[in-house]
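Please keep the sequence and the model in view while reading.

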Amino acid sequence: MALPLVLKTETFSLLGPMTLKAVDGEEFVRHGWPPGRSVLLLDAVPEDQRSSLLQVPWGAVMSSKPSEVSTAAPVLRHPDPHQGVRPGDIIEVNPDRPMLRVLYRRGDNGNVIFATERCNSFCLMCSQPPREEADEWRVRQNIELVDLIDRDEPSLAITGGEPTLLGEGLVDIIRACGRALPDTDLQVLSNGRGFADSDLALRVRAVSHPKLQWNIPLYADVSAIHDYVVQSASAFDQTIRGLYKLAEAGQRIEIRVVLHRPTVARLAGLARFIYRNLSFVRHVALMGIEPIGFARANHAALWIDPVDYQGELSEAVTFLHGNGIPVSLYNLPLCVLRQDLRAFAARSISNWKNVYLPACGACSLQKRCAGFFASIDKKWTSHGVTAVVSEGEAP
Amino acid sequence: MTLFRPREAFQGEAGYALLPFQFRRLADDSPVLLTNDAGEHLWLESDDFLAFAQRRLSPVHPSFWDLESRHFLARKGQPLPLEAMAVQLRSRKAFLFQGPALHIFVVSLRCNHSCRYCQVSREADGPDAHQFDMSLADASRAADLVLEAPAPSVTVEFQGGEPLLAFAVIRHVVEHLEARKAERGKQIKYVITSVLHHLDEDKLAFMAAHHIELSTSLDGPAEIHNRNRPLPSRDSHARTLAGIAQAREVLGPHAVAALTTITKESLAVPEAIIDAYRNAGFHSIFLRPISPYGFAARSKRTDYSVAEFMGFYRRALVHLIRVNLDGYPMDEAYAALLLRSILTPFGHGYVDLRSPAGAGFGAWVYNYDGRVYASDESRMLAAMGDETFCMGSVQDSYEALLTSPAMQLIASAAVAESIPGCSTCAYLPFCGSDPIDSYRRQGDVIGHRPSSDFCQRQTAMLDLLFGMLRRGNPDEMAVFQSWVRRQSLAAD
């Protein structure tokens, strides 16, 4: 089911980078996307309609036989008519590169607005290692992207890098989302540090996005551990003060904790700290680690088999739940969770990188199980992975 | 990988600063309880406590991170957790943003009872007794003061005497407030404190229409209740039970709450009192010691010591926990509110146990004669000839009442954090100041903690609860948590 997000292509008479909504005739008619910002998927158009549709001033036309297309618009080679680009998707093309990037997959549960490669932290388990770049262009591209996203998209995440490094640019993107997609849940994955000593939270409040949530990671109740995990002195202090700034600005906040050896040690203390000091948070997500990026380099420091931290996990979950703070478990397969914790688990891994293991074939819980990240290998696989076969639950 | 720095690189400098805390030993050889203004607490073994206080506790000590997390210490070179502590303090003192939110109307002094321990003054009912009812003009004016108070949601409580004997005044106040509350953006909860002997269909229909709740007195088994609350007919208990049933039928099963006053006779029978509440269908009991005011103060026969009360209370708590474990949920209201302030980040806000004091700052009493008092106790003092805590009359402005000499006097002793004996007490975050009690018992609003009954009882109560929390018996903890969270015990 997982479709690649970067595809080979060839461009003809493309003058500059473009962000384009992929349409066929039906999609164009039904949703009325501006043709200048759309790419017509010619292969999907019946033969008899092609010549009339080619009269429309498209932003670009995509075909598996680009040499046969007669149009004034730039032409792109369609990488694979069956699964490469489909109506509703949004692509980015650039005349300098023989590649196209899929920025938005219609129907995918993990669509993101990628804010920046830059980050002010350097987390041991970062799945998206940061890079310095000049990223002003991303603000413009993301605002264009937002205009082309399906109006009925249920939810989007703004991610990075650290989105708040865009400053006012991030506020502009959030504002664009609020205007174009007022019914879409918008989650921003931020470390919150950028709010501590700025008025960014107030500027975000002024946008009044109706469905905005900040997902902020906190890895311990004490600075020594949190700062070690994010590899930045003072990060804990800044994140805590950032959380208070956001709360004061009336923002909705989720706390995210990635579970690995350094964070598991203080999990109960962290749960108590959240309840006592951050009782305004709407949700706490305790998340299994994704074995990709920096995590792979830090296996020795990070890896703890989830079956070996069920006690700590249960204590934290029971405490938060009992005190009325909603709590969920992400990215953890049901078979490694203690019975009392399974009700808190969610299917959280984006479709495109979600896999199951051979053992899962015989499991009666697979349908509601988060499964695994596609990057999993033996080193990152719990000894507790097994098919759960229970009565009354057919595989 | 050289890209990443090891754990040690983030430990910071060696050493730490102590943040403000109080401490207490429950017994000579017991661990030390530490608390702070954020409302956090933590236990340390005696040796560790000394090491901690002398700033030589090792950073790898198992309690070190808990001490840091709960704001008892700040590591050298790290910023002080001022925002977190301020947020906790603000949550616990949230009642301060409201101003007076409890408004008590003494609609009449008339009463049919002649209780030996009556906390309030009362006048026997009779043909001339209407002079002891609140006038409708004063009632209107008092209701306007309620609307002037800044609190967005207020509780209006009708007391007496027996307030049902002056139901016309209640009706008048409720209608006055209901007609005006929307324009003032107020939510108003009504409670009538009554023995429930004078209910009728009309009154109940009015209560149902305005969601009025009832609070009654039930002292336990019939023998004790009837002895405490004499009527010529000697049937006070039966009539109160009948009133409870009548009210529940019309107003719903949760519309009636009950308080019990513990007299000398009660001390021997805590189990019977709790069972009587259970049999009457109550899920909460408030075991109040007798008050030193009103008629109670004049009778030597009713007196008992704090130690005697605590002996009773301990037995009661053991029995109550058993009742809960047997499947009947019932809390002890006072323990529940103290536990809530210990185990949650939120203050209990209980008006009789606040710092700054609840008197005047959290509650006003409008007496039948139009005078305004800072608390029930203040008007009892007035009935005994001492008008020290009279704030003024309903004719005065809201500002004049709040800045009256009575309020200035209360304010001077209202902040427990600044009172000798309180400011260094480990139980300060969970306790409060009661200047009027100090004045009454010790002749001075600040008072003297070591000889104060109020302090002795508070200390004993919190010693008891913290001792149980320290032991951590799973059954007891499960019951406590169900009280704190107002949930039934999880069946497992």
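A salt bridge here is a side-chain nitrogen of Lys or Arg within 4 Å of a carboxyl oxygen of Asp or Glu. The model is predicted. By this rule, Lys21(A), Glu27(A), Arg106(A) and Asp150(A) are linked in a network of salt bridges. Over all chains the count comes to 44 salt bridges.

Asp150(A) and Lys21(A) form a salt bridge whose closest N and O atoms are 2.6 Å apart. Asp150(A) sits in the loop between helix 3 (136-148) and strand 10 (155-159) of chain A, while Lys21(A) belongs to strand 3 of chain A, so the pair ties together parts that are 129 residues apart in sequence. Both partners fall under the 20% limit for a buried residue: Asp150(A) is buried at a relative accessible area of 6%, and Lys21(A) is buried at 0%.

Next comes the division of chain A. The domain assignment gives domain 1 (6-104) and domain 2 (112-352) of chain A. Their centres, taken over C-alpha atoms, are separated by 35 Å. To the contact, domain 1 of chain A supplies 10 residues and domain 2 of chain A supplies 11 residues. The size of an interface is often given as the accessible area lost when the parts come together. Between domain 1 and domain 2 of chain A, the buried area is about 1,000 Å², with 55% of this given by carbon and sulfur atoms.

Polar and charged pairs also occur across this contact. There are two salt bridges between domain 1 and domain 2 of chain A, and six residue pairs in polar contact, both residues being at pLDDT 80 or more. On the side of domain 1 of chain A that touches domain 2 of chain A, strand 3 (18-23), strand 7 (90-93) and strand 8 (99-104) each give two or more residues. Strand 3 of chain A has the largest share, with three residues. The residues of this side divide into five nonpolar, two polar and three charged.

Two further pairs show other sequence separations. Asp172(A) forms a salt bridge with Arg175(A), with closest N and O atoms 2.9 Å apart. The two residues are three apart in helix 4 (residues 168-180) of chain A, and therefore separated by about one helical turn. In chain B, Arg441(B) and Asp453(B) form a salt bridge at 3.3 Å between the closest N and O atoms. Arg441(B) lies in helix 16 (residues 435-442) and Asp453(B) in helix 17 (residues 453-471) of chain B, 12 residues apart.

Terms used
Residues numbered from 1 in each chain as written. Chains lettered and ligands numbered in written order. Predicted model: local features only at pLDDT ≥ 70, side-chain atom pairs only at ≥ 80, totals over all residues. Heavy atoms only, no water. Domains from an automatic or database assignment. Contact = heavy atoms within 4.5 Å. Buried area = accessible area lost by both parts, 1.4 Å probe. Polar contact = N/O pair within 3.5 Å; in protein donor to acceptor, adjacent residues only side chain to side chain. Helix = DSSP H or I, 4+ residues; strand = E, 2+ residues; numbered from the N terminus. Nonpolar A, V, L, I, M, F, W, Y, C, P; charged D, E, K, R; others polar. Buried < 20%, exposed > 50% of the residue type's maximum accessible area, 1.4 Å probe, protein only.
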